[in-house]
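User: I'd like to go through the ligand sites in this model with you. Could you start with the polar contacts and work outwards from there?

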Amino acid sequence: MSNIIIVLGAQWGDEGKGKVVDLFSERFQIVARYQGGHNAGHTVFIGERKFILKLVPSGILRPGVAAVIGNGVVIDPAALLAEIDALEAAGIDVAGQLKISNRAHVIFPFHRMIEKVGEGRPDRVAIGTTSRGIGPCYEDKIARRGIRMADLVDPGSLETLYRWLAADKQTTAHAFGVAEEFDCDAILARYLEMAERIRPMVCDTAKLLNDAIAAGRNILFEGAQGTMLDIDHGTYPFVTSSSAAAGGACAGSGVAPTRITGILGVSKAYITRVGGGPFPTELRDERGERLRKAGKEYGAVTGRPRRCGWFDVPLLRYTAMVNGFDSIVVTKLDVLDDLEQIPVCVAYRINGKIADSMPATEREIESIEPVYENLPGWNSPTFGIDRWDSLPARARDYLKFLESSTGVEIGCISTGPERNQTMILPGSKMERLLPGDTPG
Ligand code: GDP
Ligand code: IMO
Ligand code: MG
C-alpha cells in the first residue's frame, strides 16, 4: 500500500518544512505542493550547498523523485522559470522531474500591482504580505475569472481570457487612483513566450498522483506557510490566501481524503512570525533579539526580520486539532541551547478567564495574556545531535513537557539545518507512518 503523508507548518510558517521534506523525500517517489506560491521560502542545506525552494517542491533535490506542483498552487511563470534556471544550473534534472498541474492558476504582473494598492490604502490595515501577487490571484480564482496553466499553454484561449482579465484589473487600478498603465501587449507576448518553455511540464497532476497511488507509490505533500496563516483557521485577516492546513492537501491536489495515511506537523522549539498580525508570546525586547540572532530568523523570501517568541502550547493544541497531527517534528532545538530558563506559554488568559479555544478575532487575540511556565534551560550545545540519549537531560525534559502539554507525539527532532542533524525517534508513530528508507 502507498504511504501518503502530509507535512505542514504547525505555527506561522518557516518552521523548517523544507529541511524536513528534503530529509523524508528519500523514502518517497513523489513530493507535491498543494497551495501557496512563491511567497514560500523553503531552505535546504546539502553539505555546503544552500537551496531556497519557493514554488518547486523540495523533493526535486533528490535525483529520481518526481516533484509535482498541484492545482491549488498559484504560479508566477517568471518566478517559476527563474527557479528552474537556478536548479538546472545546480545540475538538477528539472525537465525530467517536475510536473505542473493544468488547473493551477497563473499570477500576472497586475496582481502584484493590485496587491500594492490594497496594502498601501490608508483605510485598510496592511497585512504585511510578501508582495508576490498571491492574494489577488486567489481572488480571481474564487471569482471564477482566473487564468489557469491549461489556458496559458493554449495560445488559442489565452489571449481572450487575458484581455478580459487585464481590462478588469486596469479598471480596478484606475478606480483606486493608480495612474500607472501596464503594457498589456508586452505582458501577453512575454507570457506566450514563457508558456513555450513551461508547456512540456504541464499535465493533469490529479490523474498522475492517483495513477501513482494505484501503482503503490509513496507521496509526500509539502505544505507551504503554516496553519496559523491558513485562510480559514489562521489569524484572519493576517493570513495568506490559501488553505495551508492539512485539508488543503486534498483540495489542492485531487487526492481524496481517504487516501491520506499520515499527517505530520512541523514546529519550532519556540515560535516566529513574519508580517503583521497578533502574536501572543512575542518578545519585543532583547530576548526576542537573542532568539532572532541565534536562529538566524530573517525571511527566506523577503529578508524581513522574523518576530520571535516563546513556544505556545494552546496554539499548537489548536493547530493539532484542525490538522489531526499524528506526530510532530520539533526543529531548531539548538537555538535554545544557551538559555538559563525557557518560558513556555501553557494557557491563554482573556479578561481574567482561561480560554478553552482559540479566539477568532484580532481584538481577542491581542487581548490574550499568556500564562507561562518556566522550564530550566540545559545550557549546553545540542547542535547536530542525532540521538535522543545524547541530548542533555533538561532538553529531553523540555521536549517531554511540550509533548505532554500539547497532547501530540514528538516523533522527530531537528538540531541543525543539515539532513543528518535530525533524529526520528525509534518506536514513534512518526517512524511507523514513514515508509522504509529505500523506496520500492
Ligand atoms: P520553511 O519555510 O518551513 O521551509 O522554513 P525556512 O527555510 O523558511 O526557515 C527555517 C530556517 O531554519 C532555515 O534557514 C533552515 O535552514 C533552518 N533550520 C531548519 N531546521 C533547523 C534546526 O534544527 N536548527 C537550526 N539551527 N536551523 C534549522
Ligand atoms: P513558508 O512556506 C512565513 C505571510 C506574510 C504575510 C502573510 C500574507 O516559507 O513557511 P502573502 O504574500 O502570502 O499574501 O502574505 O503571510 N507569509 C509567510 N510567513 N512563511 C511563509 O512561507 C509565508 N508565506 C506568507 O509574511 O504576513
Ligand atoms: Mg520559509
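Analyst: For ligand 2, one of its oxygen atoms has a polar side-chain atom of Thr130 at 2.5 Å, a polar contact being a pair of N or O atoms within 3.5 Å. The model is predicted, so local features need pLDDT of at least 70 and side-chain atom pairs count only at pLDDT 80 or more, while totals for chains, interfaces and linings use all residues. Side-chain values use heavy atoms, without hydrogens and water, residues are numbered from 1 along each chain as its sequence is written, and chains are lettered from A and ligands numbered from 1 in the order in which they are written.

User: What distance does Thr240 show to an oxygen atom of ligand 2?

Analyst: A polar side-chain atom of Thr240 lies 2.6 Å from an oxygen atom of ligand 2, and a polar backbone atom of Gln225 is 2.8 Å from an oxygen atom of this ligand. On its own ligand 2 exposes 550 Å², of which the protein buries 97%, with accessible areas taken from the Shrake-Rupley method with a 1.4 Å probe.

User: Which residues are the closest to ligand 2?

Analyst: The closest are Asp14, Lys17, His42, Thr130 and Thr240, out of 20 residues that surround ligand 2, where a residue counts if one of its heavy atoms lies within 4 Å. That shell divides into seven nonpolar, ten polar and three charged residues, and it takes at least three residues from each of domain 1 (4–101 + 204–433) and domain 2 (105–200).

User: Back to Gln225, what is its phi?

Analyst: Gln225 has a positive phi of about 55 degrees, although it is not a glycine, and its place is in the loop between β10 and α10. Pro237 is found in the loop between β10 (219–222) and α10 (247–251), and a cis peptide bond with omega of about 5 degrees joins Tyr236 and Pro237.

Methods:
Polar contact = N/O pair within 3.5 Å; in protein donor to acceptor, adjacent residues only side chain to side chain. Nonpolar A, V, L, I, M, F, W, Y, C, P; charged D, E, K, R; others polar. Domains from an automatic or database assignment. Helix = DSSP H or I, 4+ residues; strand = E, 2+ residues; numbered from the N terminus.
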